[in-house]
Amino acid sequence: MVKEKQLEYSEFQPAMLDEAKRRRKAAKIIAVLEHFHGPLGGLTVGDVGCSAGFIADELAAAGAAHTLGIDIDVPGLRKAADRFGKRVAFICGDGTALPFPDSSVDVLVFNHIYEHVVDPDAVVAEMHRVLSEDGVLYLGLGNKLGIMEPHYKLPFLSYLPAPLADRYVRAFGRADHYYERFRTRRGLRKMTRAFYVWDYTFPVLATPTAFAGGELFPGLLGRIAQAVLARTPRAVLKLMLPLVPTYLWVATKRPRTPAGAALPQPPERL
């Protein structure tokens, strides 16, 4: 049933069609990728779970030589192809069987997708297969222990077993069922154990303007929060990790180090 719902995910999750928000997310993704890897010019880039294609379109605009958008969300793919099909190749495909040769894609994006799929471990294994030996995988990963569930805006929803979660979303009129299945940080690291992983969560939070994420901390209070995060010892920040709502990771098949400039809170190898 979870997979069936994803066939038309953009139809019942309007956030997927919020163009301005999706393009802001894309700017952050590209900034993280460029800090770790360098420019995307000339590369083959794939967005796994592309839906309506806004992030894929931004990846193409960033200079990718070939941009691929993969999803099973058929209505979303139609919208994407109609608007962006001239510079992005959109493919209706299952993430557990990506239609690409081994080691053929230079950059993959997997942003807030794993909780929607039936077998995220199989999707991650498939991305490992198709990623080039020096390639980079961007991962935006929701945390099961994040207090506010991001899709239905209900506190502690992701903490609950499925039957109780279903009752919770019905009680507040948000959905008939709760299909998303999040994992804790430990579970996510187990899911990505075949990769070498760098954590960009605190770099982005502490220096949002460097990662096209200035909207994270608007106004004076935001600038104060940013300054505090930039100066807080990493050992103290790590105490927050179990409850951080989203982890931003970069993964590779071979050991690599970030290519970008030094940051107040640098990325950390997991």
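**Surface and overall form**

The protein exposes about 12,300 Å², of which carbon and sulfur atoms supply 59%; accessible areas come from the Shrake-Rupley method with a 1.4 Å probe, and for residues only the protein chains shown count as cover. This is a predicted model, in which local features need pLDDT of at least 70 and side-chain atom pairs count only at pLDDT 80 or more, whereas totals for chains, interfaces and linings use all residues. Residues are numbered from 1 along each chain as its sequence is written, and side-chain values use heavy atoms, with hydrogens and water left out.

The secondary structure comprises 11 helices and 8 strands, taken as DSSP runs numbered from the N terminus (helices: H or I, at least four residues; strands: E, at least two). The radius of gyration is 18 Å, close to the 18 Å that the globule rule gives for 270 residues, so the protein is as compact as a globular protein of that length; the radius is taken over C-alpha atoms, and the rule is 2.2 Å times the number of residues to the power 0.38. Of the 270 residues, 49% count as buried, that is, under 20% relative accessible area, with exposed meaning over 50% and partly exposed in between (1.4 Å probe, protein chains only).

Helix 6 (residues 120–130) has Pro120, Val123, Val124, Glu126, Met127 and Val130 buried. Seen down the helix axis, these buried residues fall within an arc of 160 degrees, so they line one face of helix 6; the arc is that of the directions from the axis to the C-beta atoms. The buried residues of helix 6 pack against strand 1 (44–48), strand 4 (105–111), strand 5 (131–142) and helix 8 (185–191), where contact means heavy atoms within 4.5 Å.

The count of disulfides, defined as pairs of cysteine sulfur atoms within 2.5 Å, comes to 0. The sulfur of cysteine 50 is 9.5 Å from the closest cysteine sulfur, in cysteine 92, which is too far for a bond. Cysteine 50 counts as buried at 4% relative accessibility, whereas cysteine 92 counts as exposed at 56%.
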